[in-house]
Amino acid sequence: MPARHLPDAGRVKGIAVVAGAGPAGLTAALELLRRSDVVPHVFEPDIQVGGLSKTVNYRGNRMDLGGHRFFSKSDWVMRWWQDILPIAEGQMQADEALRISYRRQSRDWVPATFAASSTDSVMLIRRRLSRIFYRRRFFDYPLKLNANTLKNMGVAETLRLGLSYANARLARRFPETSLEDFLVNRFGRRLYRTFFKDYTEKVWGVPCREISAEWGAQRIKGLSVAKAVANAITSPFRAAADTSQKQTESSLIERFLYPKFGPGQMWEEVARQIALRGGNILLRHRIVALERKGREVTAVTVQDLTTGSRRRVACDFFISTMPVRDLTAMLEPEDPSVLRIARRLPYRDFMTAGLLLGKMRFTGDQTERRSVRGMPPDNWIYIQEPDVKIGRLQVFNNWSPALVADPDTIWLGLEYFCRQGDDLWSMSDGQFIDFAAAELEKIGMLDRKDVRDGTVVRVPLAYPAYFGEYSEFGRVRAYLEQFSNLYPVGRNGMHRYNNQDHSMLAANGAVNSIIDGGHGKSEIWNINAEDEYHEEIGAPP
Ligand SMILES: Cc1cc2nc3c(=O)[nH]c(=O)nc-3n(C[C@H](O)[C@H](O)[C@H](O)COP(=O)(O)OP(=O)(O)OC[C@H]3O[C@@H](n4cnc5c(N)ncnc54)[C@H](O)[C@@H]3O)c2cc1C
């Protein structure tokens, strides 16, 4: 849904309570202040703003949870970001279009203004490099059928993969009910086991046999080995036929925008502007109860997590980015099935160990980027090795040098997909740091004696999942939609697999609807619903 712009005429007044100071909550608050006389009161349980897009500062070393690329198909979002943090000058020519990309989508963007590169309030243009680590070797990401892959896999294994694929095409599984059926039919059993099974199960914690084929169809649309082979064979001819060869080559280089001090810098700056305009943001405050009159939210109860005290805040509008599960429970629906579905919505949790090192043991380098002190040149690496639990490795130095306090150190994020209360989650911080460092040592990336410091960040409900009870989510949504002044927006707020931009567009949709007397409320649910997902081979969420 494109971002709409409504006139400022007849400015709406009132109090909006906003649950959560992540991208959605903060976008809503700033837009209300810019375009209405509604005063936002934002409550956030965390000690800092940014939600899942926060940057954690550990002794001057900054951690981005997951690695947040700034990319949007929406011009409104691109301008909005640039208005808050302009692109640092000197990274491209004025008038030149910047080609940025994200998961097989790319777009050209001509920045309106640049900021002096000497200032800190800027966005950087970064070149992406991320690869798959498997069999103690690096594979291109997305997986390509090229000389490197053939060399890494070996001729015999490549032939076996080909035969397995041919076999799958001849004897298709029917009916195609599970994600496993879906993937085996398209890639062959061997390729499925090599590049999909372990990683998908690591990410979601569920066997591929228990994930529906429909989910695969939505997330891995349009990909097949036949297509990959065809692409690999025809790409040299396509490039030769292109009259603007240079342009083609540059479009293959993936770039993304990134705040100098990590994604949290964007949201800290937005929070500063909200406060300047008279909005309220209270950290360490959680909304714990709601009051309603029929189908209208009239007040919230907020708990101060420092003192434990509670207070009531009356509201005219309620914008919620808290998990749908919690919101629905607080509304106490009359129909018990609505509560049951909301309570059982599936999520995946996430943990990161930040490790600070003097050096690493990376040697093999098939890229044109040099490694320094044994540090891989990648922004992040997908770890497909079945003998370790780590899912992804972030190399923060390569996201932005400003994330690292001492440029002579290497600052890593070792990411694990987990479930609250499981073995990983329950480890003490010290145990988890040792465990994570031992895993990287096992796959030959570092020596534990080179680890100088470490920290742990636990991220509950990082991934709203689309299986299990989610199939009945429509009933919860229909219930929430009945409330005239309630706007559930954002990632967990709508149980949607949102990036920052989708959350921001939903928040902007809520503000439009508030200004427009409640019109367009249900359209907000169309954001990020019609988007096609084109996941890449072995891709995580
Ligand atoms: C590993 C990973 C990688 C990602 N990579 C990218 C990327 O490359 N690019 C990108 O654009 N996006 C990326 N994302 C997605 C991005 O982090 C989210 O889309 C974005 O942060 C969602 O914003 P939000 O405001 O909707 O929700 P959140 O960021 O989840 O914020 C919701 C806030 O609500 C608060 N809250 C919860 N309960 C209550 C309550 N009862 N009362 C008050 N407040 C409450 C929470 O504490 C939280 O701060 C990634 C996410 C993950 C997990």
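Visitor: Why does Phe 483 count as buried?

Guide: A residue is called buried if its relative accessible area is under 20%, exposed if it is over 50%, and partly exposed in between, with a 1.4 Å probe and only the protein chains considered. Phe 483 has a relative accessibility of 0%, so it counts as buried.

Visitor: What kind of model is this, and how are its residues numbered?

Guide: The model is predicted: local features need pLDDT of at least 70, side-chain atom pairs count only at pLDDT 80 or more, and totals for chains, interfaces and linings use all residues. Residues are numbered from 1 along each chain as its sequence is written, and side-chain values use heavy atoms, with hydrogens and water left out.

Visitor: How many residues does the protein have, and what share of them counts as buried?

Guide: The protein has 541 residues, and 57% of them count as buried. Its structure contains 17 helices and 23 strands; these are DSSP runs numbered from the N terminus, helices being H or I with at least four residues and strands E with at least two.

Visitor: What makes Gly 444 partly exposed?

Guide: The relative accessibility of Gly 444 is 27%, and therefore it counts as partly exposed. Gly 444 lies in the loop between α15 (429–442) and β22. Its C-alpha is 7.9 Å from that of Phe 362, although 82 residues separate the two in sequence.

Visitor: How many aromatic pairs does the structure hold?

Guide: A search of the whole structure finds 33 aromatic pairs. Rings of Phe, Tyr and Trp (its six-membered ring) pair if their centres lie within 6.5 Å; planes under 30 degrees apart count as stacked, over 60 as edge-to-face and the rest as tilted.

Visitor: Why is the pair of Tyr 134 and Phe 195 called tilted?

Guide: The ring centres of Tyr 134 and Phe 195 are 5.3 Å apart and their planes stand at 55°, so the pair is tilted. This pair links distant parts of the chain, 61 residues apart: Tyr 134 belongs to strand β10 (residues 130–134) and Phe 195 to helix α6 (residues 189–204). Tyr 134 counts as buried because its relative accessibility is 14%, and Phe 195 is buried with a relative accessible area of 1%.

Visitor: What makes the pair of Tyr 479 and Phe 483 edge-to-face?

Guide: The planes of Tyr 479 and Phe 483 lie at 80°, with the ring centres 5.4 Å apart, so this pair is edge-to-face. Tyr 479 is buried, its relative accessible area being 5%.

Visitor: How do you know that Ser 72 is joined to Asp 501 by a polar contact?

Guide: A polar contact is a pair of N or O atoms within 3.5 Å; within protein, one must be able to donate a hydrogen and the other to accept it, and residues adjacent in sequence count only if both atoms are side-chain atoms. The polar contact between the side chains of Ser 72 and Asp 501 is 2.9 Å. Ser 72 is found in the loop between β4 (61–64) and α2 (75–84), and at 0% relative accessibility it counts as buried.

Visitor: What does the side chain of Gln 394 reach?

Guide: The side chain of Gln 394 reaches the backbone oxygen of Gly 66 at 3.0 Å. Gln 394 lies in strand β20 (residues 392–395) and is buried, with a relative accessible area of 0%. Leaving aside neighbours within four places in sequence, Gln 394 is in contact (heavy atoms within 4.5 Å) with residues including Gly 67, Asn 379, Trp 380 and Trp 411.

Visitor: Which polar backbone atom is 2.8 Å from an oxygen atom of the ligand?

Guide: That backbone atom belongs to Arg 491. Another polar backbone atom, of Gln 500, is 3.0 Å from an oxygen atom of the ligand. The protein covers 92% of the 1,000 Å² of accessible area that the ligand has on its own; such areas come from the Shrake-Rupley method with a 1.4 Å probe, and for residues only the protein chains shown count as cover.

Visitor: How many residues surround the ligand, and which are the closest?

Guide: There are 33 residues around the ligand, the closest being Glu 44, Ser 53, His 68, Arg 69 and Ser 503. A residue is near a molecule if one of its heavy atoms lies within 4 Å of it.
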